[in-house]
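Me: Could you take a close look at one helix for me and tell me how its neighbours pack against it? Here is the model I have in mind.

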Amino acid sequence: MDILRWLIEAFNSYIPVGGSALLVREVVGNIFGLASAFGGMRRKVWAWPVGIIGNLLLLTVFLGSLFGDTDTANLLGQAGRQVMFIAVAVYGWVRWKQSANNAGSAVIPRWASNPTRIGLIAVLVIGTIALTPLFRILGSYEPVWADAWTFVGSLLATWGMAKGWVEFWLIWVAVDVVGVPLLFSAGYYASAFMYLFYGVFTLIGFFVWMRAKKTQKPSVETEMPDPLIKVER
């Protein structure tokens, strides 16, 4: 019982910072998120399960009123995207694990096709427009369109990461540009500062993956030698 009580107190504890306080599980959840992003940049399979742990913690943060934090704003888009993250992470985890090579890299980066790029932009814009009134009805924090934008953008970025598209890093940049001001205004300072750091980190990740796209090629193994290839002796 003492251990359970300690875990509950740690779950709801705060870190005083100046005249405000940071929720411990919000800080820890973002640390796991950062570790997952670092693993994703290095194309490591462990990035996905680490990210899932952070998603579970942040889900309880953005639905604060359901966990006793009655004075906090509910960001339904932010909360919903944690659920989405977990679902897509399972797909990405399986996909990367199946394609992992001996060097430890789980995916070979590639550019998305032009039709795919157009589709990503269309889904981001149309999805934001479609979800904004729904999130407003459900009581999400204003400006609701920003919450919807971060939700849809995060879905696309995570899906793009699972697919190995280099452009997924740029989608994260678009998410951070809108998400940082939203989180600051809603009082989620730990997440806001982490997103601000993510903005720089995602730009670095983009160039890392772009360079990997130029230097790495997928390997192809065949059970039988190609009869059309003449072997010189």
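**Helix α2 and its partners**

Reply: Happy to! Helix α2 and helix α8 (residues 189-215) have axes that come within 10 Å and cross at roughly 0°. That angle makes α2 roughly parallel to α8, because angles under 35 degrees count as such. Please keep in mind that this is a predicted model.

On the α2 side, the contact with α8 is made by Glu26, Val27, Asn30, Ile31, Gly33, Leu34, Ala37, Phe38, Gly40 and Met41. From α8 come residues including Tyr189, Met194, Tyr195, Phe197, Tyr198, Phe201 and Trp209. By class, the contact of α2 with α8 has 16 nonpolar, five polar and one charged residues.

Now for the other partner. Helix α2 (residues 24-41) also packs with helix α3 (residues 47-62), at an angle of about 155° and with the axes 8 Å apart. This makes α2 roughly antiparallel to α3, since the angle is over 145 degrees. The crossing of α2 and α3 is left-handed.

Here α2 contributes Arg25, Glu26, Val28, Gly29, Asn30, Phe32, Ala35, Ser36, Gly39 and Gly40. Among the α3 residues that meet them are Ala47, Val50, Ile53, Leu57 and Val61. Sorted by class, the contact of α2 with α3 has nine nonpolar, eight polar and two charged residues.

Key
Residues numbered from 1 in each chain as written. Predicted model: local features only at pLDDT ≥ 70, side-chain atom pairs only at ≥ 80, totals over all residues. Heavy atoms only, no water. Axes fitted to C-alpha atoms, helices over the stretch in contact; angles between N-to-C directions. Helix = DSSP H or I, 4+ residues; strand = E, 2+ residues; numbered from the N terminus. Parallel < 35°, antiparallel > 145°, perpendicular 65-115°, else oblique. Left-handed = near helix turned anticlockwise from the far one by under 90°. Contact = heavy atoms within 4.5 Å. Nonpolar A, V, L, I, M, F, W, Y, C, P; charged D, E, K, R; others polar.
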